[in-house]
Structure formats: structure tokens, C-alpha cells
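Good morning, and thank you for coming. Please look at the model on the screen while I describe how its parts pack together.

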Amino acid sequence: MSAMAKIWRNRIEAGTQFFSDCPEKYKDEVKELMIEDVEDGRLSQGEFERLMEM
């Protein structure tokens, strides 16, 4: 995963940026990272869904 995808993931999860604002070239990686966070228990399924809608 690229460093920028991780940065965007952190911004989205912190609520300082929206997924819709993420550059297209990082969206797939960011989504993968966030799915991993759900699997690891760092993020709930509900939080993931809410953040993906924004």
C-alpha cells in the first residue's frame, strides 16, 4: 500500500476528510485498508459504511 493511501485512510477515519474527496488513484487502496481495519476491530462495520458514504 502506498503511503498516501494510508494518509488518506487516517484522514477519513479521523473525520478530517471525506472518502468522496479522496483522489481516484488512491480510493481502491484506501478501501482495502479500511476493510482491514474492520477485520482487525479498529473500525466497526457501521463506521466503515458511514465513512464510505461520505
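**Helix packing and the nonpolar core**

Please keep in mind that the model is a predicted one.

How are these helices arranged? Two packed helices are described by the angle between their axes and the distance between those axes. For α2 and α3, the axes come within 9 Å and cross at roughly 160°. An angle over 145° counts as roughly antiparallel, and therefore α2 is described as roughly antiparallel to α3. The crossing in which α2 passes α3 is right-handed.

I turn now to the pair α1 and α2. Their axes lie 9 Å apart, and the helices pack at an angle of about 60°. The two are therefore oblique to each other. Their crossing is right-handed. On the α1 side, the contact involves M4, A5, K6, W8, R9, I12 and E13, which meet Y26, E29, V30, L33, M34 and D37 on the α2 side. This contact divides into 8 nonpolar residues, no polar residues and 5 charged residues.

Next, the core. Which residues make up the largest nonpolar core? There are 12 in all: A5, W8, I12, F19, C22, Y26, V30, L33, M34, L43, F48 and L51. The helices α1 (3–14), α2 (24–39) and α3 (45–53) each supply at least two residues of this core. The helix that gives the most is α2, with 4 residues.

W8 is located in helix α1. Is W8 buried or exposed? Its relative accessibility is 8%, so W8 counts as buried. Leaving out residues up to four places away in sequence, W8 touches Q17, F18, D21, C22, P23, Y26 and V30. The C-alpha atoms of W8 and F19 are separated by 8.2 Å, and these residues are 11 apart along the chain.

What does L33 contact, once neighbours within four places in sequence are set aside? The residues are M1, A5, K6 and R9.

To close, I return to the angles: α2 is roughly antiparallel to α3, whereas α1 and α2 are oblique to each other. Thank you for your attention.

Definitions and conventions. Residues are numbered from 1 along each chain as its sequence is written. This is a predicted model: local features need pLDDT of at least 70, side-chain atom pairs count only at pLDDT 80 or more; totals for chains, interfaces and linings use all residues. Side-chain values use heavy atoms; hydrogens and water are left out. A nonpolar core is a set of buried Ala, Val, Leu, Ile, Met, Phe, Trp, Tyr and Cys residues joined through side-chain atoms within 4.5 Å. Buried means under 20% relative accessible area, exposed over 50%, partly exposed in between (1.4 Å probe, protein chains only). Contact means heavy atoms within 4.5 Å. Axes are lines fitted to C-alpha atoms, for helices over the stretch in contact, and angles run from 0 to 180 degrees between N-to-C directions. Angles under 35 degrees count as roughly parallel, over 145 as roughly antiparallel, 65 to 115 as roughly perpendicular and the rest as oblique. A crossing is left-handed if the near helix is turned anticlockwise from the far one by less than a right angle, and right-handed if clockwise. Ala, Val, Leu, Ile, Met, Phe, Trp, Tyr, Cys and Pro count as nonpolar, Asp, Glu, Lys and Arg as charged, and the others, Gly among them, as polar.
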